[in-house]
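Please look at the model below before reading on.

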Amino acid sequence: METENRQTKPKHHSIISDIWFFVRFYRREEPLVLLLCAIEIILGAFMPLLMIYLPKNAIDLVEQRTDIGRAVFVLGGYSLLMMFVFGLKSGIQDGKYNLYNTQRSNILGIFFLKSLRLKYSDQEAGEIKKLYWQVCGTMQGGDWSPSSQMVNDTVNLCINILSFLLYSTVLVYLSIPMFIILLVLAFINYGISMCHIKYEETLRDERASAQKHFYCVQNAMGNVYGAKDIRIYGMKKWMLGLRDHAIGELRKLAQKSKKKDDFYERVGLILSAVRNLGAYVYLLYQTAAGSVSVGEFVLYFGAITGFSEFINSIMGAFAVLRGAANNTDYIRQYLELAEENRQSGNRHIDQLTFPLEISFQHVDFAYQSSGDEEGKAIFKDLNLTIHGGEKLALVGVNGAGKTTLVKLLCGMYEPDAGQILINGINRNEFPREELYQLFSAVFQETVIFPFTVGENLAMDRVERVR
């Protein structure tokens with residue numbers, strides 16, 4: 001019955017593995033999302049190709065002195081096709097957006113249900129509790145939550161890769177050497193973008209720490225309940241100093257990041273200028289030599305420009321997916337935690353004779369350690385027997401262990417040593433689900449759920465509550 005969940009550092013998965021994780025999730029929960037994504041990828045890759053062929057066909061029609069009726073028919077058909085593709089793609093995006101937003105709430109529900117299947121002691125405190133709130137925090141980020149980013153940016157990545165390949169076929173017809181040069185420049189641009197991304201990742205922890213300091217100070221200064229203490233104890237100067245220090249940390253990081261951003265932007269502009277100027281000169285030469293028509297000049301130049309833009313877009317989507325993958329690792333770590341088996345046990349409560357006798361025999365219990373601090377010992381060699389029908393009051397100061405004793409009895413905690421008996425039977429021999437039926441505990445921190453009083457008492461829907 002006992003499970004151990006001591007791992008706190010998440011296992012890092014590849015981006016492909018995390019994408020496949022969400023593919024399996026949506027295939028199980030909402031397959032329509034995957035269908036809409038596939039259609040969006042096809043339409044998204046098809047649209048840029050239409051856009052570079054439209055001006056070529058328009059120029060070809062002018063050069064061929066095509067009659068007005070045929071020109072209007074051809075160009076009108078192209079325009080209508082583009083409008084149809086654009087409208088269909090927009091409609092698919094809206095439908096997909098509504099579906100995966102609904103599934104984000106579903107994922108939060110899955111986390112909650114998972115938490116109910118873990119050991120209560122893990123959920124009450126410690127690293128597992130921190131992991132739970134971290135996971136919930138990432139999923140409450142709206143469009144920046146991993147489930148949304150993995151969908152959107154995987155689609156964007158696929159669209160740009162497919163468009164890159166389609167544009168490559170156009171450029172191969174122009175000149176294979178020219179295509180190779182453009183490919184080399186694109187990979188240089190890719191390498192520069194990777195360096196930029198890696199540099200930003202080195203600042204991530206430092207930036208998170210600085211933002212945490214700033215928000216803590218901001219929240220403290222915005223706490224109206226602390227206003228009296230700030231006035232009485234003269235905390236204004238101290239708090240303003242903390243605020244200025246936090247802002248200074250963020251400003252230094254912003255300046256450091258801006259310098260690198262400017263550097264990589266200048267390098268990118270130089271590469272783009274070299275690419276465009278070289279392509280422009282080459283295409284002019286081919287046009288003057290009669291090897292390329294004016295319409296083909298426009299087509300190829302558009303393809304060359306889009307070629308490198310797709311590389312930049314691929315890198316942008318890849319960067320976002322790397323960040324989303326880090327958050328997905330925490331999600332997967334939480335969902336992979338070992339669960340408590342609440343059905344195991346070779347005894348059943350219907351075999352017990354009432355009233356019950358409860359016995360704690362040589363019980364030791366201490367709360368788990370936190371960081372460098374040792375766990376607080378609550379019980380050492382505790383022996384206590386509560387006879388059937390006996391009424392017992394536990395009296396003690398805060399922290400003496402009154403609530404802890406009840407949680408041990410209910411099976412929420414496990415003793416470090418000794419055993420807890422019910423009618424002489426170790427309580428661990430009963431399935432947890434059955435054990436919970438023996439107790440009606442009212443703890444100090446009561447929870448009233450946001451439903452009617454009748455629903456809270458009956459634990460049923462309002463229309464069934466009488």
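Which elements do the buried residues of α5 pack against? They pack against α3 (68-116), α4 (120-124), α6 (146-174) and α11 (294-335), where contact means heavy atoms within 4.5 Å. The model is predicted, so local features need pLDDT of at least 70 and side-chain atom pairs count only at pLDDT 80 or more, while totals for chains, interfaces and linings use all residues. Residues are numbered from 1 along each chain as its sequence is written, and side-chain values use heavy atoms, with hydrogens and water left out.

Helices (H or I, at least four residues) and strands (E, at least two) are DSSP runs, numbered from the N terminus. In α5, the residues I128, L131, Y132, V135, C136, T138 and M139 are buried, that is, under 20% relative accessible area, with exposed meaning over 50% and partly exposed in between (1.4 Å probe, protein chains only). They lie on the same side of α5 because they cover an arc of only 160 degrees around the axis, taken from the directions from the helix axis to the C-beta atoms. The face turned away from this buried side of α5 carries the exposed residues K130 and W133.

The sheet is open and has 4 strands in the order β2-β1-β3-β4, with antiparallel pairing; two strands pair if DSSP finds at least two bridges between them. Since β2 (377-386) and β4 (425-426) stand at the edges with a single partner strand each, one side of each is left without a neighbour in the sheet. Strand β3 (residues 417-422) pairs with β4 over 2 bridges in the antiparallel sense, and I422 stands opposite I425 in β4. Helix α12 (residues 402-410) packs on the sheet and touches β1 (358-366), β2 and β3.

Technical notes
Axes are lines fitted to C-alpha atoms, for helices over the stretch in contact, and angles run from 0 to 180 degrees between N-to-C directions.
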